[in-house]
Amino acid sequence: MHVHHIAIAVHDLDAALAFYRDALGMIEGDRREVPAEGVEVAFLPMGESEIELLKPLDPGNSIGRFLEKRGEGIHHICVLVEDIEATIEQLKAGGAQMAGEVREHANGTRYAFVHPKSAHGVLIELYQHADAQ
Ligand code: CO
């Protein structure tokens with residue numbers, strides 16, 4: 001189990017890259033729109049993990065509302081797991097509440113979110129790569 005990515009909600013990707021890439025010295029990876037999630041993302045890989053800067057495509061979507069309510073900051077932490085169903089079972093057995101169902105990216109990666117209420121205020125994303133099992 002390791003951190004796959006840390007997602008940070010920002011108002012402006014270029015302004016955020018001026019810090020993370022130019023000032024802090026991280027390497028910029030891909031940058032693309034992910035309409036299914038309603039965001040434009042800039043990826044900053046580091047080792048086995050990466051930082052994802054998320055900019056909402058629409059101020060009314062969930063990232064847009066997050067920014068409006070809480071300002072810029074960590075939106076979620078994503079943990080890579082080997083078996084997402086087993087992890088969810090274990091979480092539910094421990095009384096945790098999920099936020100929505102398991103969904104799938106085009107590349108076959110399956111993902112789900114644990115409600116921040118159950119994770120001490122942090123939205124936790126679970127990832128299982130297509131080739132994990
Ligand atoms: Co994520």
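Five residues of domain 1 are in contact (heavy atoms within 4.5 Å) with eight residues of domain 2. The model is a predicted one, in which local features need pLDDT of at least 70 and side-chain atom pairs count only at pLDDT 80 or more, while totals for chains, interfaces and linings use all residues. Residues are numbered from 1 along each chain as its sequence is written, and side-chain values use heavy atoms, with hydrogens and water left out.

### Exercise 1: the domain interface

Task: describe how domain 1 and domain 2 are placed and what lies between them.

Step 1. Start with the bounds. Domain 1 covers 1–74 and domain 2 covers 81–133; these bounds come from an automatic or database domain assignment.

Step 2. Take the distance. The C-alpha centres of domain 1 and domain 2 are 20 Å apart.

Step 3. Now the area. About 480 Å² is buried between domain 1 and domain 2, and carbon and sulfur atoms give 55% of this. Buried area here is the accessible area (1.4 Å probe) that two parts lose on being put together, summed over both.

Step 4. Sort the residues on the side of domain 1 that touches domain 2: one is nonpolar, two are polar and two are charged. In this scheme Ala, Val, Leu, Ile, Met, Phe, Trp, Tyr, Cys and Pro are nonpolar, Asp, Glu, Lys and Arg are charged, and the others, Gly among them, are polar.

Step 5. Finish with the links. Across the interface of domain 1 and domain 2 there is one salt bridge, that is, a side-chain nitrogen of Lys or Arg within 4 Å of a carboxyl oxygen of Asp or Glu. Two residue pairs are in polar contact across this interface, both at pLDDT 80 or more. A polar contact is a pair of N or O atoms within 3.5 Å; within protein, one must be able to donate a hydrogen and the other to accept it, and residues adjacent in sequence count only if both atoms are side-chain atoms.

### Exercise 2: Arg 103 and its surroundings

Task: find the salt-bridge partner of Arg 103 and say which parts the pair ties together.

Step 1. Arg 103 forms a salt bridge with Glu 37, and their closest N and O atoms are 4.0 Å apart.

Step 2. Arg 103 sits in strand S6 (residues 98–104) and Glu 37 in the loop between S2 and strand S3 (39–46), so the pair ties together parts that are 66 residues apart in sequence. Helices (H or I, at least four residues) and strands (E, at least two) are DSSP runs, numbered from the N terminus.

Step 3. Arg 103 is partly exposed at 41% relative accessibility, and Glu 37 is partly exposed at 28%. The classes are buried under 20% relative accessible area, exposed over 50% and partly exposed in between (1.4 Å probe, protein chains only).

Step 4. Look at the other neighbours. Leaving out residues up to four places away in sequence, Arg 103 touches Glu 37, Thr 109, Arg 110, Tyr 111 and Phe 113. Arg 103 and Phe 113 are ten residues apart in sequence and 9.5 Å apart in space, C-alpha to C-alpha.

### Exercise 3: salt bridges

Task: how many salt bridges does the structure hold, and which residues are linked in a network?

Step 1. The structure holds seven salt bridges. Side chains of opposite charge can pair when their charged atoms come close.

Step 2. One of them joins Arg 31 and Asp 14, with the closest N and O atoms 3.1 Å apart. Arg 31 is in strand S2 (residues 31–34) and Asp 14 in helix H1 (residues 13–23), so this pair ties together parts that are 17 residues apart in sequence.

Step 3. Both ends can be classified: Arg 31 is partly exposed at 35%, and Asp 14 is partly exposed at 46%.

Step 4. The network of salt bridges links Asp 14, Arg 31 and Glu 40.

Step 5. Asp 30 and Arg 32 also meet in a salt bridge (3.0 Å, N to O). Asp 30 is partly exposed at 47%, and Arg 32 is partly exposed at 41%.
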